[in-house]
Amino acid sequence: MHFEAKAYTVDLSDYKEINRTADLVKKDIGKVDILINNAGIVTGKKLLQCPDELMIKTVAVNTNALFFTAKNFLPAMLESNKGHIVTIASMAGKCGVAGLVDYCASKHGAVGFNDSLASELYSLKKDVKTTVVCPIYINTGMFDGAVTKWPTLLPIMEPEYVVDCIMEAVLTDRAFLALPKFSYIFMALAGLLPTEVISLYGDHFGITHSMDHFKGRQSRKA
Ligand SMILES: NC(=O)c1ccc[n+]([C@@H]2O[C@H](COP(=O)([O-])OP(=O)(O)OC[C@H]3O[C@@H](n4cnc5c(N)ncnc54)[C@H](O)[C@@H]3O)[C@@H](O)[C@H]2O)c1
């Protein structure tokens with residue numbers, strides 16, 4: 001079998017550039033069957049130390065870009081009643097973490113985007129699928145320095161494991177994937193408990209202080 005791959009470069013913090021690049025893709029390739037919104041950035045500073053420009057860029061890349069990639073590629077999916085939009089969000093889109101105010105806000109936005117889009121597609125009775133992925137820390141370099149207090153329950157996951165899980169979720173049309181598995185219990189409890197208890201709970205599992213020694217990406221890993 002013969003496959004061809006083509007790459008396009010786009011700055012996702014600039015919606016006009018997203019629109020321009022999407023037009024180019026549609027002109028060159030035609031219909032896009034699967035859109036994977038994977039790009040993301042993190043500032044990793046507490047709110048009062050967070051530079052304004054970085055907070056704005058975090059929301060632009062992690063949340064706003066989703067509107068524009070989807071607006072560009074969804075119409076052809078709706079027309080053919082076939083397609084899949086994958087949103088790589090984060091467990092930070094389901095809970096709050098000290099040192100991740102802008103990132104958590106942007107990932108809550110990503111989860112909200114996905115959930116509302118799924119609801120719109122359901123109401124339109126269209127067979128376009130959505131999958132939202134909410135992992136905890138992954139060893140890609142993006143969160144270097146972040147620590148876990150309970151590596152058995154909440155390990156820093158290897159990218160290969162996460163990719164395998166995402167592939168399986170997409171191929172089986174799963175609407176929601178949380179990683180690692182323990183995070184399903186974590187989310188269920190977080191949904192039931194009062195805020196004060198959630199803070200204690202976050203402390204107990206080391207989530208509150210997980211970003212205290214954050215360094216972020218020092219250099220790109222192969
Ligand atoms: N690494 C983790 O611990 C972790 C945990 C949960 C969720 N995530 C999410 O997974 C996704 C992938 O992250 P990763 O860990 O592979 O990080 P990464 O830094 O290796 O990859 C992020 C990618 O986003 C691209 N990107 C950043 N800004 C961009 C921009 N303005 N325009 C276009 N592309 C841009 C980068 O070029 C890079 O390829 C992100 O959405 C991230 O938020 C990561």
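Is E168 buried, partly exposed or exposed? At 42% relative accessibility, E168 counts as partly exposed, a class that lies between buried (under 20% relative accessible area) and exposed (over 50%), with a 1.4 Å probe and protein chains only. This is a predicted model, in which local features need pLDDT of at least 70 and side-chain atom pairs count only at pLDDT 80 or more, whereas totals for chains, interfaces and linings use all residues. Residues are numbered from 1 along each chain as its sequence is written, and side-chain values use heavy atoms, with hydrogens and water left out.

**Ligand site**

- The ligand sits in the largest pocket, where sitting in a pocket requires that more than half of the molecule's atoms lie within 2 Å of the pocket's grid points. A pocket is an open set of points on a 1 Å grid over the protein atoms alone, where a 1.4 Å probe fits and protein is found on both sides within 12 Å along at least five of seven lines.
- There are 23 residues around the ligand, of which N38, Y103, I138, T140 and R217 come nearest; a residue is counted as near if one of its heavy atoms lies within 4 Å.
- A nitrogen atom of the ligand lies 2.9 Å from a backbone N or O atom of L12, while oxygen atoms of the ligand are placed 2.6 Å from a backbone N or O atom of I138 and 3.4 Å from a polar backbone atom of A39.
- On its own the ligand has 830 Å² of accessible area, and the protein covers 79% of this, with areas computed by the Shrake-Rupley method and a 1.4 Å probe.

**Helix α1 and the segment before it**

- T21 belongs to helix α1, which spans residues 15–28; helices are DSSP runs of H or I with at least four residues, strands are runs of E with at least two, and both are numbered from the N terminus.
- With a relative accessible area of 13%, T21 is buried, and its contacts (heavy atoms within 4.5 Å) include Y8, T9 and V10, leaving aside residues up to four places away in sequence.
- K6, in the segment before α1, is exposed because its relative accessible area is 55%.
- The side chain of K6 makes a polar contact with the side chain of D28 at 3.5 Å; such a contact is a pair of N or O atoms within 3.5 Å, and within protein one must be able to donate a hydrogen and the other to accept it, with residues adjacent in sequence counting only if both atoms are side-chain atoms.

- H84 is found in strand β2, residues 83–88, and is buried, with a relative accessible area of 7%.
- Residues that H84 touches, not counting those up to four places away in sequence, include D33, M77, V128, V170 and D173.

**Backbone geometry**

- Most residues other than glycine have a negative phi, and most peptide bonds are trans.
- N81, in the loop between α2 (52–80) and β2, has a positive phi near 55° and is partly exposed at 34% relative accessibility.
- D173, in the loop between α4 and β4, has a positive phi near 55° and is partly exposed at 42%.
- The peptide bond from L179 to P180 is cis, with omega near -5°, and P180 lies in the loop between β4 (176–179) and α5 (182–192).

Key. 1 Å grid on protein atoms, 1.4 Å probe; cavity = no way out; pocket = protein on both sides within 12 Å on 5 of 7 lines; lining within 4 Å.
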